[in-house]
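Reader: I'm new to reading protein models. Could you walk me through this one?

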Amino acid sequence: MMILGLIEHDHGKLSDLSLEMLTFGRRLAAQLNAPLHAILIGEVARPLADRLKAYGVSTVHLAQHDRLDDYAPEAWAQSVVEIVNTVKPEAVMAAGSDRGNEVMAHVAARANLPMAANCTEVQPGDPYRVTRVRWGGSLLEEARLIGTVKLLTVAPHAVAAEEALATGELAITAFTPALAEKDFRVRVTGRVEAAAGKVSLAEAKVVVGGGRGVGSAEGFKALEELAELLGGAVGCSRAVTSLGWRPHAEQVGQTGTRIAPEIYIACGVSGAIQHMVGARGAKRILAINTDPEAPIVAQADYAVIGDLREVVPALSAEIRKVKQG
Amino acid sequence: MNVLVCVKRVPATGGKITLTADEQEIDTHFLGFTISPHEECAVEEALRLVEALPGGGSTAVLTLGPAAAEEQLRDALAMGIEHAILLETDGREWDPTATANAMVEVIRARRAAGRDFDLLLFGNEAADTGGYQVGIRVAHALDLPCVTGVKELEIRNGMAMAKREAAGGREIFEVTLPAVITIKEGINLPRYPSMPGRLKAKKKVIEQTKPQWNNGGLEKVRLKLPKEQEHQVEIFGKGPEAAPKVVELLQRLGLV
């Protein structure tokens, strides 16, 4: 009996969310006094084993197959199902990422088991009691999860990745999953690189966001200018994309991008929860709003009460002044 | 090409979510309902795909939900979808496994009657429950390939070319139809239904069945609101005069 974690990687590049998942899994394993195992898909991932050991993994199951050189969700899922049938874990988990949720849903369908996506807490037993994310984080659900093997994914940033205090020996056991042609009918067949030079919204240190209060598509010019002066990116609320003022790629929130800047400057944003869950990773929020009672002001660290059409250009002017020294 | 879009009725939540006293639902006394956002884009995508194909095709929308979910089916019909199917529940929540099983049954029955679908569209995840699995479970049961989280879709010569976001860009998947594709918001901007569209939709007959509720193994116990972090907001002032204070902060953070 053990806890089994599926490690996510892209051509051998480890996903940080998998380290959070292992931290989560290790705590569950400790409660059950059970070991923590991990599954790595593809020979290309073998060098990651040492990193996993630091997070308390005692055994790595390495799936070897000459066609496992790139991501193929069904082939990954079949590899997991095979190892589950062999080692009979108590629970299997992955990170609640695009790929993690995808592979685990395939595992669940293949094994005919329930699955709980994006858990923030878990209490073992039969059934498991889990707390999981609904509405992209606006709401939580406590649920019972049944199944001979408990399948779940761990909500991103539910726990911080922490190495284990003490680690033992690491065993690596390789196996070759029996994969059929069909397991590769869905696979990555190409990639399109993002345009170089532009600061990506998800990684920007400063995000200047605009809501309906910006008033028009033209109104965003002032926000663009401020973002450029700060080396940041422009974001917006869902209302703005629905109005066609900005592309969806700039949308911050439940159905858009999750941002994590040093500061989020929210201009004319009301602060609806669907938007704010996307800004939860922001270290600080500065609200610029005419309404001191707007929900965004209560959620901000700093606020300027005023018309953004005056405040934003004044900020740009002040920054230029300071830069010119 | 025959396209089926599976949608979910969800509350149109505003700035603040409140729960019912029994903590089982969102209090919807003052809320409207809508098609879950990813699925609204799936409806739009179905319409665009069929409009763009030289041979045309037919479109249908399917939902599992209470009788009131007819409203969302009529919204999809008003946008231009031709047929609608309601799997009526008694208002209880169905977990992803149970939902997928009921949908598979309907699709299998159609298949047997010679009315199969070439393309099944889902949302990547339902806005409310966020289960991330109904599309995949349906694909598995019907032995179809499934691409999830798609933000760009093209149908050519019986193939679906799908792109989705990945670190540093987009990854491409190519699958043969029939296939299941789960859509993410941003793939398109859904149209507003026209007035004639709304009137036409009102008169359409909705196919209805009442599947038996079953326990799929993930049972809701209660809902709760996440803890709000205590916040002290520092007001820098009013209007443009506050600019120097803001820039001082930005300098302190090393951003200017």
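Author: Helices here are DSSP runs of H or I with at least four residues, strands are runs of E with at least two, and both are numbered from the N terminus. This is a predicted model, where local features need pLDDT of at least 70, side-chain atom pairs count only at pLDDT 80 or more, and totals for chains, interfaces and linings use all residues. Residues are numbered from 1 along each chain as its sequence is written, chains are lettered from A and ligands numbered from 1 in the order in which they are written, and side-chain values use heavy atoms, with hydrogens and water left out.

Reader: What percentage of the 325 residues in chain A is buried?

Author: Buried means under 20% relative accessible area, exposed means over 50%, and partly exposed is in between (1.4 Å probe, protein chains only). Of the 325 residues in chain A, the buried share is 58%.

Reader: Is Pro292(A) buried, partly exposed or exposed?

Author: Look in the loop between β16 (285-289) and α8 (295-299) of chain A, where Pro292(A) lies. Its relative accessible area is 45%, and the in-between class runs from 20% to 50%. So Pro292(A) is partly exposed.

Reader: Leaving aside neighbours within four places in sequence, which residues is Pro292(A) in contact with?

Author: Contact means heavy atoms within 4.5 Å. Pro292(A) and Ile305(A) are 13 residues apart in sequence, yet 6.2 Å apart in space, C-alpha to C-alpha. With those sequence neighbours set aside, the contacts of Pro292(A) are Val297(A) and Ile305(A).

Reader: Are α5(A) and α9(A) roughly parallel or roughly antiparallel to each other?

Author: The axes of α5 (residues 220-229) and α9 (residues 308-324) of chain A come within 9 Å and cross at roughly 25°. Axes are lines fitted to C-alpha atoms, for helices over the stretch in contact, and angles run from 0 to 180 degrees between N-to-C directions. Angles under 35 degrees count as roughly parallel, over 145 as roughly antiparallel, 65 to 115 as roughly perpendicular and the rest as oblique. Therefore α5(A) and α9(A) are roughly parallel.

Reader: How are α3(B) and α4(B) set to each other?

Author: Over in chain B, the axes of α3 (residues 96-112) and α4 (residues 134-141) come within 9 Å, crossing at roughly 45°. Because of that angle, α3(B) and α4(B) are oblique.
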